[in-house]
Amino acid sequence: MKDWWLGLSERDRRVLGIGGALAAMLLLYALAWLPLDRARESLRLQAAATDASLRWMQSAAPEVQRLRSGGAGSTTPDSRSLLARVDAGARAAGLGGALLRVEPVADGQVRLVFQQAGFDPLMSWLESFARSDGVRVTELNVQSTGATGQVDARIGLEQRR
């Protein structure tokens, strides 16, 4: 390799030296600087989005506190049994035709069986019922019926104490 280099003319050596230096600089730019620059830009955008989320959360915090303090105690509790509230709530949500049975399991616990119920209305009712009536879901078994959006479901609910 040394003999080959020394066998080149001065002009060829200079051209190869300058070309090699340019090639090394291009490789350094392509393999090191460009990926680092792209990562920095991505992190900057991510930080800006996170900062915007933080500002929104800070502005929404008083509303959350207001709803927490006023939401739970402002309504009068329903004195009916869990069984009656679940049955009435499901029927009011339009799930009465799909409600196959509501059975007591233990004190403060019930099991519901739905057949051919709409998945979206069922989950919407379950979420709002659990939130507003102080109930927690202890069992959730949902199976597709083959019809679009229709499910068979077995749900266990328990009154929070």
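Which residues make the nonpolar surface patch of about 600 Å²? The patch is built by Met1, Trp4, Trp5, Leu6 and Leu16. A patch here takes residues with over 30% relative accessible area and no salt bridge, with nonpolar side chains (Val, Leu, Ile, Met, Phe, Trp, Tyr) joined within 5 Å and like charges within 9 Å. The accessible areas come from the Shrake-Rupley method with a 1.4 Å probe, and for residues only the protein chains shown count as cover. Helix 1 (residues 2-6) gives the patch its largest share, three residues. Met1 sits in the segment before helix 1, and with 81% relative accessibility it counts as exposed. That label means over 50% relative accessible area, while buried means under 20% and partly exposed is in between (1.4 Å probe, protein chains only).

A quick word on the ground rules. This is a predicted model, where local features need pLDDT of at least 70 and side-chain atom pairs count only at pLDDT 80 or more, while totals for chains, interfaces and linings use all residues. Residues are numbered from 1 along each chain as its sequence is written, and side-chain values use heavy atoms, with hydrogens and water left out.

Four strands come together as an open sheet, in the order 1-2-4-3, with antiparallel pairing. Strand 1 (99-106) and strand 3 (135-144) are the edge strands, each pairing on one side only. On average, neighbouring strands of this sheet are turned by 15° against each other, direction ignored. Strands (E, at least two residues) and helices (H or I, at least four) are DSSP runs numbered from the N terminus, and two strands pair if DSSP finds at least two bridges between them. Angles run from 0 to 180 degrees between N-to-C directions, using axes that are lines fitted to C-alpha atoms, for helices over the stretch in contact.

Take strand 1 and strand 2 (residues 109-118): they pair in the antiparallel sense over six bridges. Leu99 has Phe114 of strand 2 as its bridge partner, and Ala106 has Gln109. The two strands form a hairpin with two residues between them, and Gly108 in the turn has a positive phi of about 80°.

Contact, by the way, means heavy atoms within 4.5 Å. Helix 4 (residues 119-132) lies across strand 2, strand 3 and strand 4, and runs at about 155° to strand 2.

Strand 4 is worth a look at residue level. Val151 lies in this strand and is buried, at a relative accessible area of 7%. Leaving out residues up to four places away in sequence, Val151 touches several others, among them Gln115, Phe119, Leu122 and Val142. Gln159 and Val135 are 24 residues apart in sequence, yet their C-alpha atoms are 4.6 Å apart in space. Setting aside neighbours within four places in sequence, the contacts of Gln159 include Leu82, Arg85 and Gly108.

Finally, the charged pairs. The whole structure holds twelve salt bridges, where a salt bridge is a side-chain nitrogen of Lys or Arg within 4 Å of a carboxyl oxygen of Asp or Glu. One of them joins Glu10 and Arg13, with the closest N and O atoms 3.9 Å apart. Both residues lie in helix 2 (residues 10-71), three residues apart, or about one turn of the helix. Arg13 is partly exposed, at 22% relative accessibility. Another salt bridge brings together the side chains of Glu103 and Arg101 (3.1 Å, N to O); Glu103 is partly exposed at 25%, and Arg101 is partly exposed at 42%. Glu158 pairs up with Arg136, the closest N and O atoms being 2.9 Å apart. Glu158 is buried at 15%, whereas Arg136 is partly exposed at 40%. Salt bridges with shared partners also link Arg101, Glu103, Arg111, Glu139 and Arg154 into one network.
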